[in-house]
Amino acid sequence: MKLFFHKILHWEYWPFQIVYIPIYFLWSYYSIKAKSIFFFNACNPTIKNGGFMMESKKEIYDLIPQQYFPKTELIKEGTDLQNVLNAITKAKIKYPLIAKPDVGLRGSAVKKINSIADLEGYSQKANFDYVVQDLIPYSNEIGIFYVRYPHEKTGRITGIVAKEFLIVTGNGFSTVEELIKENPRYELQLPVLKQEYGRKLLDILPEGEKLNLVPYGNHARGAKFIDGSHWISPKLTQTINEMCLQIPGFYFGRLDVMYHTIEELEQGLNFSVVELNGAGSEPTHIYDPKHSLFFAWKELARHITYMYEISVANHKKGVAYLLHKEGMKEYKMHLEQSNKIVNF
């Protein structure tokens, strides 16, 4: 009951279908103006469906200059373990590594792989294409929302979200599970953590020792999102813009970035792109617990307006909107893929 009331009283946990109710009306308005429900595919012409659904992570990585993201290999569904190991060796990807679906959904089925045994278990269970990549060595993660109109040479950062990972700190006598239960945000993840860690949750951490149970900043996996938009500066904007200008056909979306310090990130040093998300991106700084639902609606509306205006501008330059029949086909495939990943 404690967790039930915690979710009820904190809108950040509400189903997105409820949170987005006012936004559906705005989407309908823009769809009527564009004469296409699927106008969004034109906002990022080089990314499948504009990055709204069924987009391949590997294909997006291939658009980004190599120096900005970790070594990554695509593994096709059904690939046997030996060929997976051969691909990792050839790419010089080291353990621990990250495995995640090539077509993902809110952090589902993202796993830290520490050994060949872990990789074997993942590859046997995965009924989808997936990517394996180097674990990024930086300890901090932020999401940077970037917007640029097609006629512009300089884009803008419209929001930044900082991410606190699901980390517990030992006190010398409590088990990991007991430490998890001290925080409602963490306790909501306990069923998934039990599946992943099993009896390891009964370990007792020495006093002061920290354990990062989910080493990636995903809200659905227990990370706390904090509005870091105060970090937006001319220097950071210049650094991000210089990188994004090298990504062909990218105008709208969120870059999830791991970094060492904000000062170094501003200088373009010691950072790596975790993922680039397109039309399906949310301005995730809205999920800071300090923000109201009204703030979230305002920011969602602002960003969907950007997406619509960029899509229209690209459409006028010859980028076709996704046909309704094809769009519905892609949406059904998206639902099927989502079910695979959620049930992983």
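User: How many salt bridges are there across the interface of domain 1 and domain 3?
Analyst: The rule finds zero, where a salt bridge is a side-chain nitrogen of Lys or Arg within 4 Å of a carboxyl oxygen of Asp or Glu. This is a predicted model, in which local features need pLDDT of at least 70 and side-chain atom pairs count only at pLDDT 80 or more, while totals for chains, interfaces and linings use all residues. Residues are numbered from 1 along each chain as its sequence is written, and side-chain values use heavy atoms, leaving out hydrogens and water.

User: Where are these two domains in the chain?
Analyst: Domain 1 covers 18-69 + 136-165 + 216-316, and domain 3 covers 166-214; such bounds come from an automatic or database domain assignment.

User: What area is buried between them?
Analyst: About 820 Å² is buried between domain 1 and domain 3, with carbon and sulfur atoms giving 44% of that area. Buried area is the accessible area (1.4 Å probe) that two parts lose on being put together, summed over both.

User: And how many residues are in contact there?
Analyst: In domain 1, 10 residues are in contact with nine residues of domain 3, contact being heavy atoms within 4.5 Å.

User: How far apart are the centres of these domains?
Analyst: Taken over C-alpha atoms, the centres of domain 1 and domain 3 are 31 Å apart.

User: A new topic: what is F39 in contact with?
Analyst: Neighbours within four places in sequence aside, the contacts of F39 include W27, Y30, M307 and Y321.
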